[in-house]
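Please keep the sequence and the model in view while reading.

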Amino acid sequence: DNRNEDTIGHIERLAEATGRWTDVVKLYDAEIEKMKADNAADVVDLALRAAVSYETRVGNVDAAIARYALVTEVDPTHDQAITSLDRLYEQTQRWPELAKILEIEIQGASDPDLSLDLQFRLGQVAQHDGGLAQRRVEISHAEPHRVVVLLPDSDEQQDPHPPAHVHHDRRRHGAQAHSPAD
């Protein structure tokens, strides 16, 4: 029974003792496929368990990412999956995917300081992106605590440098804009 914690616990202890985590994650994947057909909402716990196992026991980051992404398809606000995708996308330098996850994290941030930190990271990701999805950072003079990152239109050619130099100074309410003459 894929929902029985005792059974799953026994399987994982056996995998730990024998080193057969690859077999366990294959079993999880087969169960996930069955569950997706019956009730997608039931997938979250087992997909999360598979993702963690792929990442920490098997060492297959791509498979872990796929399982965490499956969790967010079913539950777009799942904190552990979003945080894990953030970490793994940064680790693997998948800048466009990281940018999407950061945008989700920004939308869900209830703390203004956290939101600002995430927006600052999104601006940094845009610099690493290598032009694949160039972004421009705009800072409103009316709201200097709010940083907006814009995607260009597909045929629009943009200067890869934002119109103002941005630095992060928490003592002055987060990101601040300064003209090059400052």
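Between which two helices does the loop that holds glutamine 93 lie? Glutamine 93 is placed in the loop between helix H5 (79–91) and helix H6 (95–108); helices (H or I, at least four residues) and strands (E, at least two) are DSSP runs, numbered from the N terminus. The model is a predicted one, in which local features need pLDDT of at least 70 and side-chain atom pairs count only at pLDDT 80 or more, while totals for chains, interfaces and linings use all residues. Residues are numbered from 1 along each chain as its sequence is written, and side-chain values use heavy atoms, with hydrogens and water left out.

The backbone at glutamine 93 deserves attention. Most residues other than glycine have a negative phi. Phi of glutamine 93, however, is near 55°, a positive value. Glutamine 93 counts as exposed because its relative accessibility is 54%; the classes are buried under 20% relative accessible area, exposed over 50% and partly exposed in between (1.4 Å probe, protein chains only).

With a relative accessible area of 21%, proline 96 is partly exposed. Its C-alpha atom is separated by 8.1 Å from that of valine 125, 29 residues apart along the chain.

Valine 125 also belongs to the contact between H6 and helix H7. The axes of H6 and H7 (residues 112–128) come within 9 Å and cross at roughly 165°; axes are lines fitted to C-alpha atoms, for helices over the stretch in contact, and angles run from 0 to 180 degrees between N-to-C directions. H6 is therefore roughly antiparallel to H7, a term for angles over 145 degrees. Residues making the contact (heavy atoms within 4.5 Å) include Trp95, Leu98 and Leu102 of H6 and Leu118, Leu122 and Val125 of H7. By class, the contact has eight nonpolar, three polar and three charged residues; Ala, Val, Leu, Ile, Met, Phe, Trp, Tyr, Cys and Pro count as nonpolar, Asp, Glu, Lys and Arg as charged, and the others, Gly among them, as polar.

Buried residues make up 36% of the 182 residues.

Technical notes: Angles under 35 degrees count as roughly parallel, over 145 as roughly antiparallel, 65 to 115 as roughly perpendicular and the rest as oblique.
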